[in-house]
Amino acid sequence: MRNGGARRTAVALAALGSLLTALSACGGPSGPGADAGAGRPPGAAAGTSPATADPTRIPGVGDRFLRRIPAESRQVVAVYGDGKDSADSTVVLYTRQGSAWHRAGSWAAHNGTKGWTTDHQENDKRSPVGVFTLSDAGGVLPDPDPGDGLPYTRSAAFAAPRWWAKAYWHDFDYVIAIDYNRVKGTAPNDPTRPEGASKGGGIWLHLDHGSGTSACVSLPKRAMEYLLRTLDPDRHPVVVMGDRANLKA
């Protein structure tokens with residue numbers, strides 16, 4: 001269940017050093033500038049599609065990664081990277097009903113400018129391959145669903161620095177923390193790195209600016225709003241992310 005009102009409506013500014021640490025993996029000019037929200041999703045983010053061909057499996061995800069999805073998970077955000085060195089990807093939300101997985105939405109997206117890695121390091125411009133829980137959210141804007149979704153921290157501290165190109169200013173209006181090298185139950189911009197700073201961190205789902213990121217996954221605004229309204233901590237959501245070749249192995 002969602003935290004209390006103080007957690008939902010927090011607006012205190014974080015220290016500048018903590019902010020820059022949190023943003024270092026997640027944004028900033030890492031490719032040609034473009035208008036936010038560029039690109040059209042390949043599917044609508046509404047309704048539930050029929051079950052997949054093998055309803056007990058998530059398409060394009062091999063046994064190695066399926067085994068890492070917790071048994072209690074009922075929501076999976078799958079990020080299919082176009083290639084190991086590509087910044088282009090597709091995000092699909094799957095929900096489980098009984099033993100069957102159903103596709104609930106699909107969107108064009110971007111990942112790290114240099115693609116993907118199984119050994120992410122700070123500033124390598126690649127997104128980490130793996131299965132990670134989704135526990136916390138936040139952003140500059142108010143929570144689009146102040147109900148029982150992911151705990152949401154609203155704060156001006158999420159605002160992108162104004163020395164970045166204008167196309168990037170709204171990247172962090174909405175963010176969902178990917179639980180890579182972070183402490184669950186804290187705001188997404190908490191700078192704590194349990195595995196050490198060299199392993200990077202501050203990796204989020206956030207708004208798209210039309211090109212690759214520093215390590216995050218970026219989506220259209222309507223996709224982020226949909227995920228924030230849909231992801232439910234009681235359904236134990238996770239993200240399964242990587243290039244297609246790695247995911248299906």
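Q: Is strand β1 mostly enclosed or open, and how many of its residues are buried?
A: In this predicted model, 7 of the 7 residues of strand β1, which covers residues 75–81, are buried, so the strand is largely enclosed by the rest of the structure. Buried here means under 20% relative accessible area, while exposed means over 50% and partly exposed is in between, using a 1.4 Å probe and protein chains only.

Q: Which residues point one way from β1, and which the other way?
A: Gln75, Val77, Val79 and Gly81 point one way, whereas Val76, Ala78 and Tyr80 point the other way, and residues on both sides are buried.

Q: What does β1 pair with in the antiparallel sense?
A: That partner is strand β2, residues 88–97, and the two are joined by 7 bridges; strands count as paired if DSSP finds at least two bridges between them. Within this pairing, serine 89 of β2 is the bridge partner of glycine 81.

Q: And how many residues are in the hairpin that joins β1 to β2?
A: The hairpin has 6 residues leading from β1 to β2.

Q: Which strand does β1 pair with in the parallel sense?
A: That is strand β11, residues 238–243, which is linked to β1 by 6 bridges running in the parallel sense. One example to look for is tyrosine 80, whose bridge partner in β11 is glycine 242.

Q: Where does aspartate 243 lie, then?
A: Aspartate 243 also belongs to strand β11, and it is buried, with a relative accessible area of 5%.

Q: Which residues is aspartate 243 in contact with, leaving aside neighbours within four places in sequence?
A: They are Gly81, Gly83, Lys84, Trp116 and Val129, where contact means heavy atoms within 4.5 Å.

Q: Stepping back, how many helices and strands are there in the protein chain?
A: The chain holds 5 helices and 11 strands, which are DSSP runs numbered from the N terminus, with helices being H or I over at least four residues and strands being E over at least two. Of the 249 residues in the chain, 52% are buried. If you take the contacts between residues at least 6 apart in sequence, 69% of them join residues at least 24 apart.

Q: What about lysine 199, where is it found?
A: Lysine 199 is in the loop between β8, residues 175–178, and β9, residues 204–207. Once neighbours within four places in sequence are left aside, it touches Asp119, His120, Gln121, Glu122, Tyr180 and Asn181.

Q: Is asparagine 181 buried or exposed?
A: Asparagine 181 sits in that loop between β8 and β9 too, and it counts as buried because its relative accessibility is 4%. Its phi angle is near 50 degrees, which is a positive value in a residue other than glycine.

Q: What is phi of histidine 236 near?
A: Phi of histidine 236 is near 50 degrees, again a positive value in a residue that is not glycine. Histidine 236 lies in the loop between α4, residues 221–230, and β11, and its 36% relative accessibility makes it partly exposed.

Q: Which pLDDT do local features need here?
A: Because this is a predicted model, local features need pLDDT of at least 70 and side-chain atom pairs need 80 or more, while totals for chains, interfaces and linings use all residues. Residues are numbered from 1 along each chain as its sequence is written, and side-chain values use heavy atoms, without hydrogens and water.
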